[in-house]
Amino acid sequence: MRRIFNVEFIYIIVAASVAIGLLFTGTFIGVADNGDFLRIMGTAGLNYYNIGESYEDRFFGFSHASFAYDTFFRGFYPSTQIVLVVIARYISLIFNGSAFDIRFLGAIYVVLLLTAGYLLIKYNKGKSLVVASVLAILMLLIFTDIGYLAYFNSLYGEPVSYVFLLLTLALGLVLTKQKHPTKRMLVLFYIAILFLVCSKTQNAPIGIAFALLGLRYAWMKADDIRWRKLALILSAATFLISIVMYVAAPKDFKNINMYQTVFFGILNGSPNVEGDLQALGLPSKLSVLAGTNYFQTDTAIKQDDPTLTADFYNRVSHADVLLFYIKHPARLLSKMEYAAENGMNIRAYYLGNYEKLEGKPTGSISFDYSIWSEFKRNYIPNSLWFITLFFILYYAVAVYEWLRCNHIRSRIKVEIFILLGLIAIFSFLIPIIGDGQADLSKHLFLFNVAFDMMLASAVVWLVHRFCSIRLRRNDSSY
């Protein structure tokens with residue numbers, strides 16, 4: 001019985017029950033479209049089911065369980081999300097030829113989440129039942145929260161980043177725990193990395209960091225030339241794909257981000273708009289757009305005005321934005337403080353969870369199984385000082401553990417958690433540099449995931465240290 005009803009098996013049963021109860025039985029729970037669905041639908045052969053519904057019914061207020069089948073590649077948005085959506089599309093087609101049911105996609109995400117949780121618990125519980133139980137409870141409390149799971153029944157890219165960051169961490173740790181690490185596990189590790197990196201353009205820098213970490217795996221089996229060669233090839237491929245992912249982003253998408261970054265970011269609340277424009281090498285006449293966002297209809301200069309191409313889109317890049325913030329650190333600090341105020345929101349509270357047919361007011365959200373997301377929102381300080389202090393303590397422990405290690409596998413394990421912290425930092429800064437102050441509560445989603453993973457790992461580390469100390473004291477008493 002012990003071999004069957006172990007902690008990871010119990011986790012699978014409970015987590016699956018929670019996910020099924022929230023997403024697949026009773027009232028449908030999803031996340032309303034803010035306009036992002038169009039990118040993936042045009043590529044994956046889907047469309048809105050009710051063509052005649054109003055703007056208010058389609059966007060922001062209500063979620064949708066059903067979508068119409070349509071032709072593929074009516075546009076193209078590069079993302080690994082396409083693979084998952086197309087798989088779900090064909091499965092749905094078998095059961096329902098008249099409409100795509102988003103819950104088939106949600107089921108795929110659930111399977112990936114359960115796989116990640118199983119691996120994390122199985123390969124990191126050690127010999128302590130207490131440590132295993134704490135890890136399983138944290139996985140259930142934090143990572144099956146409705147704030148995360150509701151995204152599964154949607155066409156947003158967030159759940160792809162979510163499940164594959166967990167899977168990447170899990171598979172990376174498995175490789176350090178296996179007595180004889182296999183090439184198959186190494187390949188699965190890099191596949192998870194690529195799904196994470198290529199799920200959204202803003203994740204591209206993460207791939208470069210993972211490519212560098214991959215060089216460490218290459219020397220984990222120094223006596224195996226084939227292993228080393230495979231790891232080096234996969235690392236190089238990850239690096240190149242990350243670069244291509246950023247370069248291949250649609251021009252319109254880049255223009256939107258740049259507009260938001262400058263006019264709704266740098267110039268939003270600027271004490272010297274014309275001075276900032278000059279520092280960016282832009283004409284002062286663009287000052288009339290300060291504080292506006294790309295989707296406003298009442299701007300003095302239309303966002304698609306041909307003059308903006310020559311005066312703005314072709315004259316500024318994210319490198320210019322980064323250089324501006326380096327030269328004006330106080331301005332970056334103020335934007336970081338603003339981001340921190342939104343940094344503890346797992347979910348976007350302005351996006352409804354229910355279908356219109358439920359009869360609930362527009363924008364209504366579900367609070368079923370929301371203990372963690374509500375606790376985090378209401379009680380964890382949403383301030384830059386707290387985030388900074390947390391990261392200092394986290395990295396102090398990480399460096400301490402790394403210095404204690406005397407084996408390459410142990411050090412790689414610590415380096416994975418160091419990289420997790422870097423992902424959180426990237427995910428916190430990239431929305432500021434890449435999209436201004438637009439929709440930060442949603443754009444900081446991956447930061448929330450990484451932060452929660454760091455927090456959970458910190459708690460497990462503390463429990464493990466406590467149990468180890470107690471065990472040594474008990475042994476010394478004999």
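Reader: Thanks. Is L135 buried or exposed?

Author: L135 counts as buried, because its relative accessibility is 12% and buried means under 20%. Please keep in mind throughout that this is a predicted model, so every value here is computed from that model.

Reader: Which helix is L135 in?

Author: L135 is found in helix α6.

Reader: And how far is L135 from A456, in sequence and in space?

Author: In sequence, L135 and A456 are 321 residues apart, while in space their C-alpha atoms are 7.6 Å apart.

Reader: How do the lining residues of the largest pocket divide by class?

Author: The lining of the largest pocket has 28 nonpolar, 13 polar and eight charged residues.

Reader: What about the second largest pocket, how much space is in there?

Author: About 1,400 Å³ of space lies in the second largest pocket. Its lining is made up of 46 residues, with K413, F417, V460, W461 and H464 the closest to the centre.

Reader: Which helix supplies the largest share of that lining?

Author: That is α21, which supplies 16 residues of the lining of the second largest pocket. At least two residues each come from α5 (103-124), α6 (129-143), α8 (158-177), α18 (384-404), α19 and α21 (445-476), and by class the lining divides into 27 nonpolar, nine polar and 10 charged residues.

Reader: Which residues line the largest cavity?

Author: Among them are D36, R39, Y77, Q81, E158, K200 and K442. By class, the lining of the largest cavity has four nonpolar, three polar and five charged residues.

Reader: Changing topic to the surface: which residues form the nonpolar patch?

Author: The nonpolar patch on the surface is formed by V83, I87, I91, I94 and F95, which together have about 500 Å² of accessible area. One of these, I87, is found in helix α4 (residues 81-95).

Reader: Why does I87 count as partly exposed?

Author: I87 counts as partly exposed because its relative accessibility is 42%, and that class lies between the 20% cut-off for buried and the 50% cut-off for exposed.

Reader: Last topic, the backbone. What is the phi of F60?

Author: F60 has a positive phi of about 70°, although it is not a glycine. F60 lies in the loop between α3 (55-58) and β2 (66-69), and with a relative accessible area of 29% it is partly exposed.

Reader: And where is Y369, and what is its phi?

Author: Y369 is found in the loop between α16 (329-341) and α17 (371-379). Y369 is not a glycine either, yet its phi is positive, at about 50°, and at 31% relative accessibility Y369 counts as partly exposed.

Notes:
Residues numbered from 1 in each chain as written. Predicted model: local features only at pLDDT ≥ 70, side-chain atom pairs only at ≥ 80, totals over all residues. Heavy atoms only, no water. Patch = residues over 30% accessible without salt bridge, like charges linked within 9 Å, V, L, I, M, F, W, Y side chains within 5 Å. Areas by Shrake-Rupley, 256 points an atom, 1.4 Å probe, with all protein chains shown as cover. Salt bridge = Lys/Arg side-chain N within 4 Å of Asp/Glu carboxyl O. Helix = DSSP H or I, 4+ residues; strand = E, 2+ residues; numbered from the N terminus. Buried < 20%, exposed > 50% of the residue type's maximum accessible area, 1.4 Å probe, protein only. Nonpolar A, V, L, I, M, F, W, Y, C, P; charged D, E, K, R; others polar. 1 Å grid on protein atoms, 1.4 Å probe; cavity = no way out; pocket = protein on both sides within 12 Å on 5 of 7 lines; lining within 4 Å. Points joined across faces, edges and corners; volume = space filled by probe spheres on them.
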